[in-house]
Amino acid sequence: MKEHTSDIVIIGSGLGGLVSALIFAKEGYSVSVLEKNNQFGGNLQTFVRDKSIFDTGVHYIGGLAEGENLYQYFKYLGIMDDLKLQQMDVDKYDVISFDDDTINYPHAQGYDNFIEQLSRLFPEERTAIETYCNKIKETCNSFPLYNLKIGDAYYGETDLLSLKVKDYIESLTENKKLRAVLVGSNFLYAGEDNTPFYVHALSINSYIQSSWRCVNGGSQISKYLIKKIRSFGGQVLKYKEVVDFGFDQGKLVSAKTKDGNEYFGTQFISNIEPKHTLKMIGENKMRKAYTKRIESIKSVISAFSVYFVFKPETFKYINNNHYHFKDVNRVWDAQNYTEASWPEGYMLSVGAKKNQTKWAENMTFITYMRYDEVEEWADTYNTVSEKEERGEAYEAFKRRKVASVITEIEKKFPDFRACIKSVHSSTPLSYRDYIGVNEGSMYGYVKDAESPMTSFLSPRTKLKNLFFTGQSINMHGILGVTISAVLTCSEMLGREYLIENINKELEKLNIK
């Protein structure tokens with residue numbers, strides 16, 4: 001067994017792991033990131049089908065205009081100027097639609113513009129729309145790290161954490177269509193009846209500020225982060241699957257990889273699913289109450305995704321995302337589908353490429369899918385590095401689902417199938433195997449307004465030198481996971497020190 005030593009050993013190269021690695025590398029620590037797969041980046045991964053680039057999870061990003069919160073974090077990390085971005089339609093970065101309604105309801109960039117565009121369609125509801133926007137801003141201002149400010153990460157304001165988005169939206173207006181439109185992009189956080197309003201606000205705010213697509217995919221984010229990590233002397237290694245941990249007198253001292261290497265460190269950060277981390281660590285290393293609590297946290301539902309490659313010059317490029325529901329009630333109940341009613345809602349996103357023309361090259365379709373639908377194939381495993389076919393029954397299952405998907409899309413885009421060159425799809429098993437998340441969960445753990453502290457996980461585990469990071473800590477999404485990484489690093493470096501240091505660097509760069 002070959003031995004390697006670093007100050008910080010990070011398991012998993014998702015966004016949380018890479019941001020954590022870069023923060024420590026910038027601070028002068030030696031860092032090793034261990035990734036089990038061929039590709040780095042977790043949900044930042046891209047893949048190619050029929051010579052067309054698709055994103056695994058980054059379909060658009062918010063808050064990247066100069067001075068906005070993700071812009072500031074990426075500027076501090078040193079990757080902002082390298083990113084290839086395309087701003088989405090200012091007047092409708094998202095549109096929301098319903099069966100039997102020809103109107104595409106817009107979500108616009110800029111709060112004043114957001115209010116103006118919706119008020120044209122709901123003129124009698126302008127006050128309600130303004131109140132809604134003010135509530136989002138007020139809520140986001142209550143979260144210090146969201147705004148690069150020093151403050152408590154675990155917010156003691158019970159009212160803030162327990163307010164349900166559904167209850168708040170229903171208190172604003174009696175107009176059922178407007179209610180559905182305001183939360184029509186809730187695929188961003190898998191919203192349901194008990195989802196807290198703060199999850200909605202933190203998810204939506206940055207997109208209203210500004211919305212962007214990554215040209216040729218979001219993997220450029222991991223590429224530039226890795227380049228920066230290496231420039232500070234850190235190492236980021238692939239095909240390094242951690243299969244065990246080493247202990248010395250009860251203290252965690254190393255991570256052991258499948259290829260026979262052992263990586264020793266002073267501090268360890270797990271960027272993989274906390275439930276999976278605890279299984280690897282072993283039940284006897286943690287208090288039973290702690291492991292039981294984490295094991296009992298409900299994971300967010302998974303997804304079925306379809307990736308369409310278009311014939312040349314057949315489908316026009318759409319510079320917005322399209323969210324569709326069968327009716328206004330399905331906004332809250334799309335996860336509770338039946339086999340006959342599936343899919344009850346979906347998101348469509350068109351990929352952006354360099355030198356984008358008026359024609360789209362591909363499109364991604366995403367809808368909810370429960371893990372139990374694919375559970376009969378749960379003992380199969382499939383990645384690029386370890387390919388194992390799941391069998392003809394699985395392929396037939398996917399073909400049936402794809403046929404239903406195309407039928408639904410054609411309700412809004414007639415003759416859609418005539419544009420298709422090739423079709424590819426992924427199920428909860430694909431997300432489970434490639435991303436390493438429990439049951440293929442889209443966004444980590446469920447946030448429940450009725451039990452707000454249940455799914456809050458501290459980055460600090462019950463082992464003194466083991467920490468969590470990633471979408472299951474704090475919030476999901478590009479901004480949420482970036483902040484989660486800052487939160488994790490601040491547990492070791494000191495929150496006040498780290499936030500002050502970030503702001504000092506931004507001041508040097510004249511970023512306000």
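## Helix α9

Helices here are DSSP runs of H or I with at least four residues, strands are runs of E with at least two, and both are numbered from the N terminus. Just past α9, Gly233 adopts a positive phi of about 95°. This is a predicted model, in which local features need pLDDT of at least 70 and side-chain atom pairs count only at pLDDT 80 or more, while totals for chains, interfaces and linings use all residues. Residues are numbered from 1 along each chain as its sequence is written, and side-chain values use heavy atoms, with hydrogens and water left out.

Ile221 is in contact (heavy atoms within 4.5 Å) with Leu15, Leu44, Ile61, Phe74, Ile79, Leu83 and Cys214, leaving aside residues up to four places away in sequence.

## Ser422 in strand β18

Let's turn to Ser422, which sits in strand β18, residues 420-426. Ser422 counts as buried because its relative accessibility is 13%. Its side chain makes a polar contact of 3.0 Å with the side chain of His424; such a contact is a pair of N or O atoms within 3.5 Å, where within protein one must be able to donate a hydrogen and the other to accept it, and residues adjacent in sequence count only if both atoms are side-chain atoms. Beyond four places in sequence, Ser422 touches Asp50, Tyr307, Phe308 and Val309.

Methods: Buried < 20%, exposed > 50% of the residue type's maximum accessible area, 1.4 Å probe, protein only.
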